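Let's walk through this protein model together, one piece at a time. Keep the structure open beside you as you read.

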Amino acid sequence: MIRVAVVEDNMRDQETISAFLDEYAAKAGIRFEITRFHDGLDFLDKFRSSVFDLILLDVQMPNIDGMAVAERLRAVDTFVLIIFITNMGSYAVRGYDVGASAFIKKPVLYAEFEQKIKRALFTIEQRDNKYFFIPSGGSQVRVMVRDLVYVDVMGHISTFHMVGGNTFNARIPLGVLSEQLAAYDFMAISKNCLINPAYIRRIDTQSVELNGCTLDISRLKKKSFLLQFSDWLAKGGRSV
């Protein structure tokens, strides 16, 4: 099921977009869970990281425009896909600055809508297919990369901290994890902690804030971590 937010103040346009989503879902044999918002501020007030897979966001709205909504959104979620709905092409450059996947012009026509949604769903599928297996309690646990915030190690036990605050333990050395997670750009901030850079909210002189928690950066790892983080940002900051 694909979770979609439709943020649109015009009721007629909101109904059209929702109907097009239903039509696409019926043709493609998939399910959308659609949540509607009539105002950008209401959406931001209720938004939580990883709640939605895709946001269809009107650019011109009262109180706060769609671009400002997207800028605030990116401060807490670098994963979610954004498609702007607009009747003005002048927003394109600014839109791509906040990681817009596409623009759909008003009045919204189904042919263009279908094309942009199909492309977005392909991106979501490719992103969400990234996972790895960890041995835990005599079985193998599949871990979705996008849901893993960080891993820390105490003794021989690694604790996996997931989105939403869930955790689980596995008996696996950090060195093995480092090799396994290197492909997804996880970074060491100390000798016993690896973090997912996509969840970084703030970096201070001695700590990093990750999705609601603050972790210490060790003196020995600080330089290499900051270099890794700079390289990650330079390539777009969206490896996961």
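D58 is buried, with a relative accessible area of 2%; buried means under 20% relative accessible area, exposed over 50%, and partly exposed in between, using a 1.4 Å probe and protein chains only. Before going further, note that this is a predicted model, in which local features need pLDDT of at least 70 and side-chain atom pairs count only at pLDDT 80 or more, while totals for chains, interfaces and linings use all residues. Residues are numbered from 1 along each chain as its sequence is written, and side-chain values use heavy atoms, with hydrogens and water left out.

What does the side chain of D58 meet in a salt bridge? Its partner is K106, at 3.2 Å from N to O. A salt bridge here is a side-chain nitrogen of Lys or Arg within 4 Å of a carboxyl oxygen of Asp or Glu. Side chains of opposite charge can pair when their charged atoms come close. K106 counts as partly exposed, at 22% relative accessibility. The two residues sit 48 residues apart and link distant parts of the chain: D58 belongs to strand 3 (residues 54-58), while K106 lies in the loop between strand 5 (100-105) and helix 5 (110-128). Helices (H or I, at least four residues) and strands (E, at least two) are DSSP runs, numbered from the N terminus.

Searching the whole structure turns up 10 salt bridges. One of them joins the side chains of R36 and E15, at 2.9 Å from N to O. This pair also links distant parts of the chain, with R36 in strand 2 (residues 32-37) and E15 in helix 1 (residues 11-28), 21 residues apart. R36 counts as partly exposed at 36% relative accessibility, and E15 does too at 39%. Another salt bridge connects D204 with R202, whose closest N and O atoms are 3.0 Å apart. Through shared partners, salt bridges join E8, D13, D58 and K106 into one network.

Now look for the greasy parts. In soluble globular proteins, nonpolar side chains tend to be buried together. A nonpolar core is a set of buried Ala, Val, Leu, Ile, Met, Phe, Trp, Tyr and Cys residues joined through side-chain atoms within 4.5 Å. The largest one has 23 residues, and L21, F32, L54, L56, F113 and I117 touch the most other members. Helix 5 gives the most to this core, with six residues. Leaving aside neighbours within four places in sequence, L56 is in contact (heavy atoms within 4.5 Å) with residues including V4, I17, L21, F113 and I117. Apart from this core lies another, of 21 residues, among them V7, F47, A68 and I82.
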